[in-house]
Number of protein chains: 2
Amino acid sequence: MKQVFKDSGVAISEKKKTIEGNAGPVRDRLLDTAERLFSEHGFEGTSVRDLASAAGCNIASVNYYFGGKEKLYEEVLRRHLIPMTDIRIASIDKVMAQSNGKPELEVLLRAFANAFIEPLADEARASRFMKLMAREMIDSNLPSDMFVKDVIIPTMTAMRTGLVKACPGLDESKVPLIVHSVIGQLVHAVHSERMLEQAKAADIPKFELAKVIEHIVKFSAAGIRAYAREKSE
Amino acid sequence: MKQVFKDSGVAISEKKKTIEGNAGPVRDRLLDTAERLFSEHGFEGTSVRDLASAAGCNIASVNYYFGGKEKLYEEVLRRHLIPMTDIRIASIDKVMAQSNGKPELEVLLRAFANAFIEPLADEARASRFMKLMAREMIDSNLPSDMFVKDVIIPTMTAMRTGLVKACPGLDESKVPLIVHSVIGQLVHAVHSERMLEQAKAADIPKFELAKVIEHIVKFSAAGIRAYAREKSE
DNA sequence: GAAGAATTCAAACAAATGTTTTAAGCTGTC
DNA sequence: GACAGCTTAAAACATTTGTTTGAATTCTTC
């Protein structure tokens, strides 16, 4: 028999007052705490007891609400992954619509770069969830290929079709490589910022995110045009 | 009193015949096994018992030879990290020397790209160690900042000085950003190859490493020249 | 306010963790 | 062959792990 676990039910009842500090119902507190601890110490590095005590609830709550540590982890990712991907794709679609399907290359790149990083912009939650994503890229604690299927592929395809329309003179076989280059720069930007901040590396300058994005736009646009020129000659 | 643990001693005694299969002395077998298991399941995901049974030795050996699981992990990384970094830097220096300190941009980039990926070229060991490095970037199990100090910074500085000489008309304040872009592409190339292979993603084409490198060289060279042009105007 | 459901709690579970201990085995030297 | 030193071995160590249990408590509903 399949057991069903409780959702927060906040939309239905809404009777629980949010007690400041440990706000909200236990289920939500657990989700927030899990997002923080999982991203800080990884899945295996976070114990159910850590979670419970940080969320200010009993150990059994994890199993009561989610049916286990693993299911909780899935829930944490599911809560953000899909919305995040949707934002990125929507942002591309918007640019496409505003430019009658033929946007200027820089505009498209800028929109994508912003959409890629923006969901991670609000400092606190940002680096936490990015850490989680980075972990997930390395060894998935997720069932099957949810991460690749629901995040990577949709994002890449949206960017791919966008690029083809922005640069009609582009060899389509090269587009996937180009998308990889852009995404690689973006991922690395977020990564290295995090990595270099924890080790206070005096030798390596710190960048403002806005300047990094403008650089990536300019750098990538030039790289792409190199291909477009070549084709049109 | 500080305890000293045994090294392999293979250079001194060389008396133990390598028993095929589990070849070499226990200490070396443990190092190899640890490299594999740590990269596959992470530090916390690998138990001392896993290590011992995979290496075909007793549980106590880990403590006997290395003084603990943590020390073994350090040793595994130390064994490859520094040599790897040296190869990369040497490769850049070589190009600089061969071109009297003013290499063609594409040549420099190609040398760097190859040196970056080549140590990871021999399939088996490659992805294993790259996985380890990726893990290390996310949460360091290493003491202090060994990774950033011994790997990241030296590599970046070498590339930085190389770039400045290859492109005299380059705004030096932009060089760090450019280096980030190149490294970001390279890291992502290795990453995504691994990630997408485990999830058999039919939608995303697989690339030959050689072609990826040539793409990154071309793409980046164009991006860099965009800056160089701007300055010289 | 009482019945019944939903939630919280402390305690206990078996299994797995890294490390230590103590004894046995091995190797080379005299 | 006996001694010494290094290496391996099995067992036990104390913790910690995720999960389950069953009773206590709180909340909801009538």
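**The loop and its surroundings**

Author: Happy to. In chain B, B:Asn100 sits in the loop between α4 and α5 (105-117). This is a predicted model, so every value here is computed from it. The backbone is what draws the eye: phi of B:Asn100 is near 55°, a positive value in a residue that is not glycine. Is B:Asn100 buried or exposed? With a relative accessible area of 75%, B:Asn100 is exposed, because the cut-off for that class is over 50%.

Chain A can be read alongside. There, A:Asn100 belongs to the loop between α4 (69-98) and α5 (105-117). Its phi is near 55°, again positive in a residue other than glycine. A:Asn100 has a relative accessible area of 74% and is exposed.

Now let us step from the loop to the helices. In chain B, helix α4 (residues 69-98) packs with helix α1 (residues 26-41) at an angle of about 85°, the axes lying 10 Å apart. That angle makes α1(B) roughly perpendicular to α4(B). On the α1(B) side, the contact is made by B:Arg27, B:Leu30, B:Leu31, B:Asp32, B:Ala34, B:Glu35 and B:Phe38, while α4(B) brings B:Lys69, B:Leu72, B:Tyr73, B:Glu75, B:Val76, B:Arg79 and B:His80. Sorted by class, this contact of α1(B) with α4(B) holds 7 nonpolar, 1 polar and 6 charged residues.

Helix α1 is worth a look in chain A too, this time with another partner. Helix α1 (residues 26-41) and helix α2 (residues 48-55) of chain A pack at about 125°, with 9 Å between their axes. The pair α1(A) and α2(A) is therefore oblique, and α1(A) passes α2(A) in a right-handed crossing. From α1(A), the residues A:Arg29, A:Leu30, A:Thr33, A:Ala34, A:Arg36, A:Leu37 and A:Phe38 meet A:Asp50, A:Leu51, A:Ala54 and A:Ala55 of α2(A). By class, the contact of α1(A) with α2(A) has 7 nonpolar, 1 polar and 3 charged residues.

What does the rest of chain A look like? Its secondary structure comes to 9 helices and 0 strands, and along the sequence the pattern reads α-α-α-α-α-α-α-α-α. Of the 233 residues of chain A, 50% count as buried. Among contacts in chain A with a separation of 6 or more, 72% come from residues 24 or more positions apart.

A:Thr155, in helix α7 (residues 146-166) of chain A, is buried with a relative accessible area of 5%. Leaving out residues up to four places away in sequence, A:Thr155 touches A:Thr85, A:Arg88, A:Ile89 and A:Phe112. A:Val175 lies in helix α8 (residues 175-198) of chain A and, at 1% relative accessibility, is buried as well. With the sequence neighbours up to four places away set aside, A:Val175 touches A:Arg160, A:Leu163, A:Val164 and A:Leu170. For a sense of scale, A:Val175 and A:Lys211 are 36 residues apart in sequence and 25 Å apart in space, C-alpha to C-alpha.

A:Cys167 is buried at a relative accessible area of 9%, and B:Cys167 is buried at 8%. Searching the whole structure finds 0 disulfides over all chains.

Terms used. Residues numbered from 1 in each chain as written. Chains lettered and ligands numbered in written order. Predicted model: local features only at pLDDT ≥ 70, side-chain atom pairs only at ≥ 80, totals over all residues. Heavy atoms only, no water. Disulfide = S-S within 2.5 Å. Buried < 20%, exposed > 50% of the residue type's maximum accessible area, 1.4 Å probe, protein only. Helix = DSSP H or I, 4+ residues; strand = E, 2+ residues; numbered from the N terminus. Contact = heavy atoms within 4.5 Å. Axes fitted to C-alpha atoms, helices over the stretch in contact; angles between N-to-C directions. Parallel < 35°, antiparallel > 145°, perpendicular 65-115°, else oblique. Left-handed = near helix turned anticlockwise from the far one by under 90°. Nonpolar A, V, L, I, M, F, W, Y, C, P; charged D, E, K, R; others polar.
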